[in-house]
Amino acid sequence: SGGNFHRISRVMLHNPEGKILLQKRTSNVVFPNCWDNSASGHVDEGEDYLVAAKREMLEEIGVKDVVLEEVDYYKREEDFGEYVLRRFNKLYKGTIDFTPTDLGLDEVSEVRWFSLDEIKDLIKDHPDEVTGGLKYIIQKYYK
């Protein structure tokens, strides 16, 4: 079944040591119990991608006042069961020097810092525990 394109903002947060913050999604959301990028979500009607990125960061992991740099804008279609998710994505990156603790527990069960190699191993060894969106970002933007 088809559907319109949705707009998604995605955030990858790094720390000064170069590690990447991933969030683990709860069991009651799409891609349950999977590791995902630091924060992401739908851009609301009439909302700007950057505003949405900052809103999702605050709602999901309680992080605010981070300077976000736009990395890329891309279109992606992904099968999810019998549906095709059609999405326009804007990817941002930022740096924080702490581990978020104020999580939106309806959506996020935990956050953890990973090295790039650890994420690549996770994708290789446990592909069903990682979202398609994160796999795509790691493959395309983290050589």
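How many residues lie between S5 and S6 in their hairpin, and which residue in the turn has a positive phi? I opened the predicted model with that in mind. I found two residues between the strands, and Gly81 in the turn has a positive phi of about 60°.

**Entry 1: S5 and S6**

I then looked at how the two strands pair. S5 and S6 run antiparallel and are joined by 11 bridges. S5 covers residues 69-80, and S6 covers 83-95.

**Entry 2: S1 and its partners**

Next I went to S1, residues 6-14. In what sense do S1 and S6 pair, parallel or antiparallel? I found them parallel, with nine bridges. Two positions went into the notes: His6 stands opposite Arg87 in S6, and Arg10 has Leu91 of S6 as its bridge partner.

I checked S1 against S4 as well. Four bridges join these strands, and they run antiparallel. Here Ser9 stands opposite Gly41 in S4.

S1 also pairs with S2, again in the antiparallel sense, over two bridges. S1 and S2 form a hairpin with five residues between the strands, where Gly18 takes a positive phi near 90°.

I looked up how much of S1 is covered. Seven of its nine residues are buried, so I wrote it down as mostly covered.

**Entry 3: the loop between S2 and S3**

I went through the backbone angles next. Most residues other than glycine have a negative phi. Which residues in the loop between S2 and S3 did I note as exceptions? I noted Phe31 and Asn33 there. Phe31 has a positive phi near 55° and is not a glycine. Asn33 also has a positive phi, near 55°, and is likewise not a glycine.

**Entry 4: aromatic pairs**

How many aromatic pairs does the model hold? I got six. I wrote out two of them in detail.

The rings of Trp35 and Phe114 have centres 5.0 Å apart and planes at 75°, so I logged the pair as edge-to-face; the cut-off for that class is over 60 degrees. Trp35 is in strand S3 (residues 35-36) and Phe114 in strand S7 (residues 108-114), so the pair links distant parts of the chain, 79 residues apart. I checked the burial of both. Trp35 counts as buried, at 3% relative accessibility. Phe114 is buried too, with a relative accessible area of 6%.

The rings of Tyr74 and Tyr136 have centres 4.9 Å apart and planes at 35°, so this pair is tilted. Tyr74 is in strand S5 and Tyr136 in helix H3, so the pair ties together parts 62 residues apart in sequence. Tyr74 is buried, at 4% relative accessibility.

I also found a cluster: ring pairs link Phe5, Tyr49, Tyr73 and Phe88. Which residue places its charged end over the ring of Tyr49? I found Arg7 there, with its charged end 5.4 Å from the ring centre.

**Entry 5: the largest pocket**

I finished with empty space. Rolling a probe the size of a water molecule over the atoms shows where such space is left. I recorded a volume of about 340 Å³ for the largest pocket.

Which residues lie nearest the centre of this pocket? I listed Ile8, Arg25, Val30, His42 and Arg87, out of 19 lining residues. Arg87 was already in my notes as the residue in S6 opposite His6.

I looked up which elements give two or more residues to the lining. They are strand S1 (6-14), strand S4 (39-42), helix H1 (49-61), strand S6 (83-95) and helix H3 (132-141). S1 was already in the notes for its pairing with S4 and with S6.

What is the make-up of the lining by residue class? I have it as five nonpolar, seven polar and seven charged.

How values were computed: Residues are numbered from 1 along each chain as its sequence is written. This is a predicted model: local features need pLDDT of at least 70, side-chain atom pairs count only at pLDDT 80 or more; totals for chains, interfaces and linings use all residues. Side-chain values use heavy atoms; hydrogens and water are left out. On a 1 Å grid over the protein atoms alone, a cavity is a set of points where a 1.4 Å probe fits but cannot get out, and a pocket is an open set with protein on both sides within 12 Å along at least five of seven lines; lining residues have an atom within 4 Å of a point. Grid points are joined across faces, edges and corners, and a volume is the space filled by probe spheres set on the points. Ala, Val, Leu, Ile, Met, Phe, Trp, Tyr, Cys and Pro count as nonpolar, Asp, Glu, Lys and Arg as charged, and the others, Gly among them, as polar. Rings of Phe, Tyr and Trp (its six-membered ring) pair if their centres lie within 6.5 Å; planes under 30 degrees apart count as stacked, over 60 as edge-to-face and the rest as tilted. Buried means under 20% relative accessible area, exposed over 50%, partly exposed in between (1.4 Å probe, protein chains only). A charge sits over a ring if NZ of Lys or CZ of Arg is within 6 Å of the ring centre and within 35 degrees of the ring normal. Two strands pair if DSSP finds at least two bridges between them.
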